[in-house]
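Please look over the structure below with this briefing at hand, taking each topic in turn.

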Amino acid sequence: MKSLPCLALIAAIGLAFNSPAATPPPEELLPADTLLMATAPNWTQLNADNQKSAASALLADPAMRPFVEKFKAAWAKDVVAPIEQELGIRFDDYAGIVSGQVTFAIVQNGWDGRPGRKPAALIILDSGDNSKTLTKALDDLQTKWTESGKQLKTSEVRGVRFFEYEIKGADLEKTAKRIFPLLDDGAPDEGTTEKKNLSTGRVHVAQSGSLLLIGSDPKAFEKLLVRQSGGSVPALARLPAYERDHNALFRDSRVRGWVHLKKFVDIALEDIRANAQAAPANPLMPMPPADKIMEAFGITGLRTLAFHASLKEDGESGGMFLGVPEQERAGLFKLLVAGAKDSSPPSFVPENAASFSRWRLDAKKAWADFEALLNRISPQFGMTLNFILAPVGKEQDPNFDIRQSFFGNLGDDIISYAKPPRSGELDDIAQPPTLTLISSPNPAELATSLKMLTALTPLGGGAIEEREFLGRTIYKVGLPSQPNGNGGFKELGIHFAATGNHVAVSLDAPMLEEHLRGVAASRPLRDNPGLARAAERVGGMNSGFFGYDNRTETLALLFETFRKDPDAFENLTSTQFTGIPGIKLWDAEKRREWLDFSLLPPFEQVKKYFGYSVFAVRETPAGIEFNGFTPTPPELR
């Protein structure tokens, strides 16, 4: 699979070449041994849809022009111009060539997991009525390639001539730094040429009718070429596993993808069993067979994975589907999926919440299922878990039983919501006030047992603070300090208390105290008139898991913070992504050339382009669905 970076490079060039295709759709072209496919079946229609999106409207707003134009100029100078110079072409000369499908696929190509055999990667770009322009583009590329002193080898499959482009590792690295210049720190390349040549990739390119074909092995295109010419080689579209997902999910999508997980699982199992027979047993450290572990966790029940996305007048929708049939659902896929129950926002969640989620997981049953899973894998695993849990809390109370007091008191409702950050300070933006509520038939006992569980943390059950607040006990467990956005460190603690039918937990003491006061939200999120309509697009709020996300106020603070202090971007991203203050992910000076946040407009001028999203998870007899929907903001309808 070393050719994948090369394929990405050639595909990027192909996409620069951007009406509907006359060739078969991807599922009719690709063979039945396709392992993975990701496609935009109609590139022209996808572009037209994207022009109507809120994101495109934002970038086209005159208030954003200074910021966008500077980014475009940097892209043209640092990426487009050098690649054009290397290849001796101008991308503008080929704009508009791709008009049909843009497809990436991995086909089995005889791969069965054994050494010396591997799957093949394919890219299909359809030029539609622009095949002559495509021919000229490929001729120009071949001419420039050979004029630069590089060799071109050829091969033929079904009468189609493939050209082999050899791209060395050093060239790939140089091109990658041009495409992603923010990651280029300007340091000289290290390593010998010999080492860099180890990553040399070979990419095979051909034209067949209106199709541009790019792949790691020209022979892998043979079945596709037969399909293109009307031959009877079995197609992906006729594969029952794919056909079911296509009919259920793909009919109205602009972008879609599919993975034949069962093939990967079956090959992995064969390899594991073959190696297990050859490998000697280790009596000092007996481990259950890997295939038994896979079966216990439910991995052997996986069939397919599919995703899809589309954009309509009322908003953008997308989803993912995990094909794991109900009769074969086991392990984690049975343990972590909630039953169909009310998962709507309670009345105390305010309308201005930045995020909300509600998971109706039967946590008590889930824990029992998890213990059973460990014992199925190996009785020793269950014994080890018992050994860890047995002494918990015994020092404080010899009669304490963690299984009864904690796991036995878990309910079937986990609610979490966050408010917008309190200020534009980096610390507040990175960690907005958030509250999580865990339901319980006996919240007071659950809170006490949660305190006991700190014996299992790195704190070792150290000092725990307790204080009274409005007749309730608030516990605080100290946590290791964490880096903040100003190059220093901040003290953290988990605060929790029993309330009503839940134990409330938060890293933010004021947030917890506010909830304990029982002050009802003046405008609850559940009363938002658009929420119910949006929820219907993801299957409603009774699937057992429902979520909501509205970061508009957070984005407003980020906009203003970066606009007034562009270098705050480095401070925030370094601590968020590395966890270590002072470690930078990219060169700040180069970032200023590309992303000049001082050119951003006041957020109020572009606020109309931002809105909220909803998402839900639900079980079906065929598998597990994850669906999301972002309504078009009102001012853009």
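Predicted model: local features only at pLDDT ≥ 70, side-chain atom pairs only at ≥ 80, totals over all residues.

**Salt bridges**
- The structure holds 39 salt bridges, and among the residues that take part, Lys341, Asp342, Arg358, Arg360, Asp412 and Asp413 are linked in a network.
- Within a salt bridge between Asp412 and Arg360, the closest N and O atoms are 3.4 Å apart; the two residues sit in loops, Asp412 between α16 and β12 and Arg360 between β11 and α14, 52 residues apart.
- Asp412 is partly exposed at 23% relative accessible area, whereas Arg360 counts as buried at 13%.
- Lys419 forms a salt bridge with Glu514, with 2.2 Å between the closest N and O atoms; because Lys419 lies in the loop between β12 and α17 and Glu514 in helix α19, the pair ties together parts that are 95 residues apart in sequence.
- Arg422 and Asp508 also meet through their side chains in a salt bridge, at 2.6 Å from N to O, and Asp508 is buried, with a relative accessible area of 15%.

**A buried tyrosine**
- Tyr475 lies in strand β15, which covers residues 472–483, and it counts as buried because its relative accessibility is 9%, under the 20% cut-off.
- Tyr475 and Phe496 are 21 residues apart in sequence, yet their C-alpha atoms are 5.4 Å apart in space; the residues that Tyr475 touches include Ala447, Ile464, Ile494 and Phe496.

**A surface patch**
- Phe307, Met320 and Phe626 make a nonpolar surface patch of about 230 Å².
- Phe307 belongs to strand β9 and is partly exposed, at 34% relative accessibility.

Definitions and conventions
Residues numbered from 1 in each chain as written. Heavy atoms only, no water. Helix = DSSP H or I, 4+ residues; strand = E, 2+ residues; numbered from the N terminus. Buried < 20%, exposed > 50% of the residue type's maximum accessible area, 1.4 Å probe, protein only. Contact = heavy atoms within 4.5 Å. Patch = residues over 30% accessible without salt bridge, like charges linked within 9 Å, V, L, I, M, F, W, Y side chains within 5 Å. Areas by Shrake-Rupley, 256 points an atom, 1.4 Å probe, with all protein chains shown as cover. Salt bridge = Lys/Arg side-chain N within 4 Å of Asp/Glu carboxyl O. Lists of a residue's contacts leave out its neighbours within four places in sequence.
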